[in-house]
Protein chains: 2
Amino acid sequence: MALAEFKDTMLPAIEAELKNCIQSVSQTGENDLFAMLAYHLGWEGEGAGPKARGKRIRPLLLLLTTASLGKDWEIALPGAAAVELVHNFSLIHDDIQDQSSLRRGRPTLWKLYGIPQAINAGDSMFALAQIALQNLDTSVPVEIALQAHQIIPHACLTLTQGQYLDLAYEDKKDITTSDYWPMIRGKTAALLATCTELGAILANADKNTQENFRNFGEFIGLAFQIQDDILGIWGDSALTGKSAESDLVTGKKSLPVLFALEKSGEFAKRWKNQTIVPKEVPELAEILKTEGAYDYAKDWVDKLTNQALDWFEKTEVVGPAADALSELSNQLIQRVR
Amino acid sequence: MALAEFKDTMLPAIEAELKNCIQSVSQTGENDLFAMLAYHLGWEGEGAGPKARGKRIRPLLLLLTTASLGKDWEIALPGAAAVELVHNFSLIHDDIQDQSSLRRGRPTLWKLYGIPQAINAGDSMFALAQIALQNLDTSVPVEIALQAHQIIPHACLTLTQGQYLDLAYEDKKDITTSDYWPMIRGKTAALLATCTELGAILANADKNTQENFRNFGEFIGLAFQIQDDILGIWGDSALTGKSAESDLVTGKKSLPVLFALEKSGEFAKRWKNQTIVPKEVPELAEILKTEGAYDYAKDWVDKLTNQALDWFEKTEVVGPAADALSELSNQLIQRVR
């Protein structure tokens, strides 16, 4: 069974689990708060639909991990809902922090409801992520449920530590590539590592296997983020037509940029002298490539992908779910916008 | 043993538990994020000290409940830290939402660090509230620890539902006294009810006793909020000298105001016609009293306090800790600013 077939059954089950959880908000009459959460998750409002929902990568990673270990993935659905809600709570707050007007092609929550209500909706979704785990009561032993309750807040804390660094770097001039790693470990890798680790915990795998899956997820996360950095500068939508979306315009402290800043060449001079406007993007992206930033980042993606694969091999999982998990990881790292 | 004596031993233990938990942030090198949290909790920065810490009412309620049931309150310290962190996470976000510049006499976190970092610090404290509970592993059986992990997120969700209403009411013209109750049940009573309920859960009390303690905390919370509303209009600091702090100036939808708006008398006319400025406050507070709003609110405080006491009696707890708990509740409801 290929990834597509797993998705056909898993994605509707993930949506149902999420809805079941979010609906507890509307039971107390706070229907407008429910509407905000349902809008952000892509279920309601203008532009609702699969595109507005995102790819549900994190719950898929989790469920496929559980399935690859030979367990019924349905027992892990509460965990899958929890990681997706954590991801989305962080997006709601990210959008406020970055003053982003659009998310998945639609106006962001704070643009529609204002900053105070959007902060609160994010908090609500954070609480719901923990509440989602409570359905584990009926599907796994109490010790395993407790482990799930413990691992999720740690991922959230690490997420906020990465976000702290990301925000702090905005005002800092002398960021280097060594500052990059703790930031993306927190912002991106921690939650992906938690998805695979929790998938293994819920499958009642031994500590060693949990650790192998955790490392697999962590390296997938790191490689994924750098691939995202590459696409943010040299990807189609960054270079053609929508140069305003280029990470060079938004000023993102991505790995290629930090590499070039350390080299203090032509790119660094331009970057430091003034804000970059969309029409300069193609030329600057080319300069950045000439200075070796593209190859540097690509090398890291390869190195980290290989490490991810090494950890995956150590898990020794085989079969259709393991194949689908490997297929999903490949898509994540080599995805094209 | 009176409340003061319990405080002498409990308050330092609460601070130690909180510090132990918050310090996990600094272990990963994010010392500035730690500094933000430590500032908000009153430990660091200008004006740090007991006054900046707040009264730690919620953890005291929780620990005294556990103690009143004959259990060693130290086993409940992780729960006490959790409720205090939940309270403080919500204050950090509240201050952003209300654009408040001062909290406990010091600049608010967002005033010092900006909105993006303050949102993130609140999220971090929210995650730490869950992490605080993990120390229960060594002090109570696994089933009880799991219950603690389940009750806290529910309190947080209810908190955000109340906050949603509070924010929504700002733009609504036709709020009545019946809109008031779901708001304060969420914003104030839910967390206080969770303190007493969790104190009973951690003491391994039976379901009935847990429920009695929960109701006791809930009614204390409701009475406390209305007493706070009364002080916000007729209290010393609202009337003399600092009229700018009066709830009549900030436009808070408190119970006395909603009562008078329903009556559509002189006060309602003035309230609806224009923003109230500090120099009008003493006169308007007097009009409000003449229209019966003070008596109406005071009656509610009495009624709710009696209900709280009824629930407390049903718990049948006696002894020094029970006396201290009763003393703390009285202070909460009759506190003078």
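Which residue just after H13(A) takes a positive phi? A:Ser264 does, at about 55°, and the views below take in this spot and several others. The model is predicted, so local features need pLDDT of at least 70 and side-chain atom pairs count only at pLDDT 80 or more, while totals for chains, interfaces and linings use all residues. Residues are numbered from 1 along each chain as its sequence is written, and chains are lettered from A and ligands numbered from 1 in the order in which they are written.

**View 1. Helix H13 of chain A and its cover.** Helix H13 spans residues 255-263 of chain A; helices here are DSSP runs of H or I with at least four residues, strands are runs of E with at least two, and both are numbered from the N terminus. Of its 9 residues, 7 are buried, so H13(A) is largely enclosed by the rest of the structure. Buried denotes 20 or more other C-beta atoms within 10 Å of a residue's own, exposed 12 or fewer, and partly exposed anything in between, with C-beta atoms placed from the backbone. The buried residues are A:Leu255, A:Pro256, A:Val257, A:Leu258, A:Phe259, A:Ala260 and A:Leu261. Their cover includes helices H9 (177-202), H10 (207-234), H14 (266-273), H15 (281-290) and H16 (293-315) of chain A.

**View 2. The two-fold axis and the contact between the chains.** Chain A superposes on chain B by a rotation of 180° with 0.0 Å of shift along its axis, at an RMSD of 0.0 Å (least squares on C-alpha atoms of residues with pLDDT of at least 70 in both copies). That is the relation of a two-fold axis. In chain A, the C-alpha nearest the axis belongs to A:Leu146, 2.9 Å away from it. The contact draws 38 residues from chain A and 38 residues from chain B, where contact requires C-beta atoms, placed from the backbone, within 7 Å of each other. H8(A) gives the largest share of chain A's side, 16 residues. That side divides into 19 nonpolar, 15 polar and 4 charged residues (nonpolar: Ala, Val, Leu, Ile, Met, Phe, Trp, Tyr, Cys and Pro; charged: Asp, Glu, Lys and Arg; polar: the others, Gly among them). Since 100% of the interface residues of chain A are also interface residues in chain B, the copies meet through the same surface.

**View 3. H8 of chain A against H7 of chain B.** The axes of H8(A) (residues 142-170) and H7(B) (residues 115-132) come within 8 Å and cross at roughly 160°. Axes are lines fitted to C-alpha atoms, for helices over the stretch in contact, and angles run from 0 to 180 degrees between N-to-C directions. The two helices are therefore roughly antiparallel (over 145 degrees; under 35 is roughly parallel, 65 to 115 roughly perpendicular and the rest oblique). Among the residues making this contact are A:Pro153, A:His154 and A:Tyr164 of H8(A) and B:Asn120, B:Asp123 and B:Ile131 of H7(B). The contact's residues divide into 9 nonpolar, 7 polar and 1 charged.

**View 4. H10 and H17 of chain B.** H10(B) (residues 207-234) and H17(B) (residues 320-334) pack at about 30°, with axes 7 Å apart. They are therefore roughly parallel to each other. B:Ile220, B:Ala223, B:Phe224 and B:Gln227 of H10(B) meet B:Ser329, B:Leu332 and B:Ile333 of H17(B).

View 5. B:Thr108 sits in the loop between strand S2 (106-107) and helix H6 (109-113) of chain B. B:Thr108 is buried, with 21 other C-beta atoms within 10 Å.

Note on methods: Contact = placed C-beta atoms within 7 Å.
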